[in-house]
Amino acid sequence: MALFEAKDVTKQYATQLALDKVSIAVPEQSIYGLLGPNGAGKTTLIRIINQITGPDSGELFLNGKKLKPEDVTLIGYLPEERGLYKKMKVGEQALYFARLKGLSKHEAMKRLKYWFKKLEITDWWGKKVEELSKGMQQKVQFIITVLHEPKLLIFDEPFTGFDPVNANIIKNEILFLRERGATIIFSTHNMGSVEELCDNITLINKAKTILEGSVNDIRNQWAANEYDLVIDGDGKVEGNGQFSILSRQTEKGKDIYRLKASPDIDTNYILNTAIRSGRIISFNPALPSMNEIFIRVVESRN
Amino acid sequence: MNKISVIIKREYMTRVRKKSFIIMTILAPVLMAAIIIVPTVVMLNQGQDFKKIAVIEDGSDLFRNALPNTKEAEYVYLDNVKVNDLKNTYEQAGYYGILYISPEVISVPNAIQLISKQQPPIGLLDYIENSLEKEIERQKLLAYNIENLDEIMKNVETNISIQTIKIDETGQSKETSTGIAMVLAYIGGFLMYMLVFIFGSQVMRGVIEEKTSRVVEVIVSSVKPVELMLGKIIGIALVGLTQFMIWVFLTVAIAGIINSTILKKANLTEVTQTATQNLMSEQQQAAVASVQAADVNPELAEFSKLFSSAMNQPWGLIIISFIFYFITGYLLYASIFAAIGSAVDNETETQQFMLPVTIPIILALMVAMGTMQNPESSLAFWCSMIPLTSPIVMIARIPFGVPYWQLAVSMALMIVTFAAFVWMSAKVYRTGILMYGKKTSWKEMWKWLRYSG
């Protein structure tokens, strides 16, 4: 069942159309990728979900019911541009935002202690935000976003500013949150993390949805019967009527091929041919990366 | 509602805990008191600086007895001494200066010189001028050969000092002082100007800070933009009121100290006690008091009179109206400032919007200063009615007495206008805080005002 649904959402700004009948359906306990080039309308959609602005037309549903103003307490939002008061102390600030989300002081303190300990930032409690590095501020912002245990979490570019170690910590926290029942909308330009994290995606370009579905389905759809073959040997694999060689590279004595096969080929046929040239190390269908798909889809539309 | 109070609390606490706030709050009344007390103390102690002055008259002795000695100075009449000779030695001889009178003085008014190393005090100059003027007048009158001139002169000599008594509607009268009213008008008008401006622009800076740091995006995903704006404005208003109340309290405390220490010396407390009694008995008692005062110390008596007159001002009305006009005037301007803050990306961009907002405030201040000269002028009247200028101008008018109906009309207009401005500003604010990287114009803001969703 979809935890969150947007139906035919349209938003017109003074001079431009920001969203044109965009619909998304986010299944419960999944991670949903919201992709698109800069200025496509992602931020507008996120703001509409957060009820920061209203749509001109279209409907929004949370848990099958129409989205209400009180539902802000069920949503957690990590904006792309991090927003913290620079002169305010970390602990006080976290408490302030928690109170704004409707938590009692006592409850907020309890949860803050838990999260500060978990992300190992307890020492920063009394420091001013301006004294922290960008990554540290990100951690604080992350805690503020998840503290009220919202059902729906919206992360806009959550990994920027993090070193790989901390990015991994945050990634694991996101996966852990999903495990515990949260549903996550995830907006990013980092296609690597989309492949890693997202179950479903929607690609928005110029205010319109141009691609949607589960990540696996999409990648398979866009697969063009290409395969990657790695062989350790002296012989050379030659193309024939059934498949052709797109590229060949040699790396540390191993040959790496990209093959393109005819649509109804039996893959064993390729292996039988290849095995004569040496020892097969790996053979994989070459699924296009989300990055490639993104670029191809967007460019074909422009 | 609960969320607004969380916002108000944050806005209030972060500002009240700032060092600059604490310093300003304590220092301002102390400075203010110093401005009032230091000249008084100086004035009271001035008499101790005794001066001896050599008087040289060139070739005549018309003014031999024209300068009686006073507590401050002794005038020594020297014969047969040349000014140029004395110029080098007068200090060794213990003189403060040389007063040189030329015989032409009767026809040439500036034929008198006072030669000294320091700038002589005004009081001394006044005394010499007055005495010599009188003497010259006497000499001129003598030339008419009037009989019994000295007797006539003594007879016509009068000395008056105007005592102003204001009667209010209930027939009660109070001794007042135009000087005090002017000082109050000045301080009140200026304080209002400062408070509205300082705290209004604090609102603007707060809004810009939230916008540039993108905090606003996190907050408006939890509360409505209007709630954030109102929370901020109210929080900062409370900061201003806190400061004002502490100032009032400290001023009252300091005034109390002055009353019980400095004035006790003069034993003049009756004057303040009789302040609210009716006209007849007050006049009598005041007369008694001033006789006593004259015996003690004329300057202190003068000061004490001013002080009691200050105590007689309608303080309750002044403070209550001040608070009312501060709150409404501040809300009016703060909401405009909030709208401006929301429309720009950084503080330098505020310039173009600030000018039209600053003009009425500065105009109001100028009218308020003019009010002190002429509180009944029609310019003062209209400016104390128009809501953009009324907080400052009306506060300047109140010490001079304002009919209640005018106060009521002005206040009613104020309430209606500030409500309208808050409402309009909220609309601009709601759109503005989420707009980035766009140069905003008045036209643009007007469009936001008409947005519905």
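Biologist: Over how many bridges do β4(A) and β5(A) pair?

Modeller: Keep in mind that this model is predicted. In chain A, β4(A) and strand β5 (residues 65–66) run in the antiparallel sense, and Leu62(A) sits opposite Lys65(A) in β5(A). They make a hairpin with two residues between them, and Asn63(A) in the turn has a positive phi of about 60°. As for the pairing of β4(A) with β5(A), the count is two bridges.

Biologist: And which residue in β4(A) is the bridge partner of Phe4(A)?

Modeller: Strand β1 (residues 2–12) of chain A pairs with strand β4 (residues 57–62) of chain A, antiparallel, over five bridges. In β4(A), the partner of Phe4(A) is Leu62(A).

Biologist: Over in chain B, are α12(B) and α15(B) roughly parallel or antiparallel?

Modeller: Helix α12 (residues 315–343) and helix α15 (residues 390–397) of chain B pack at about 170°, with axes 9 Å apart. On the α15(B) side, the contact is made by Pro391(B), Met394(B) and Ile395(B). By class, this contact has five nonpolar, three polar and no charged residues. An angle over 145 degrees counts as roughly antiparallel, so α12(B) and α15(B) are roughly antiparallel.

Biologist: Which element gives the most to the side of chain B that touches chain A?

Modeller: The contact takes 17 residues from chain B and 19 residues from chain A. On the chain B side, the elements giving two or more residues are α1 (2–16) and α7 (215–220). That side divides into eight nonpolar, five polar and four charged residues. With six residues, the element that gives the most is α7(B).

Terms used
Residues are numbered from 1 along each chain as its sequence is written. Chains are lettered from A and ligands numbered from 1 in the order in which they are written. This is a predicted model: local features need pLDDT of at least 70, side-chain atom pairs count only at pLDDT 80 or more; totals for chains, interfaces and linings use all residues. Two residues are in contact if their C-beta atoms, placed from the backbone, lie within 7 Å. Helices (H or I, at least four residues) and strands (E, at least two) are DSSP runs, numbered from the N terminus. Ala, Val, Leu, Ile, Met, Phe, Trp, Tyr, Cys and Pro count as nonpolar, Asp, Glu, Lys and Arg as charged, and the others, Gly among them, as polar. Axes are lines fitted to C-alpha atoms, for helices over the stretch in contact, and angles run from 0 to 180 degrees between N-to-C directions. Angles under 35 degrees count as roughly parallel, over 145 as roughly antiparallel, 65 to 115 as roughly perpendicular and the rest as oblique. Two strands pair if DSSP finds at least two bridges between them.
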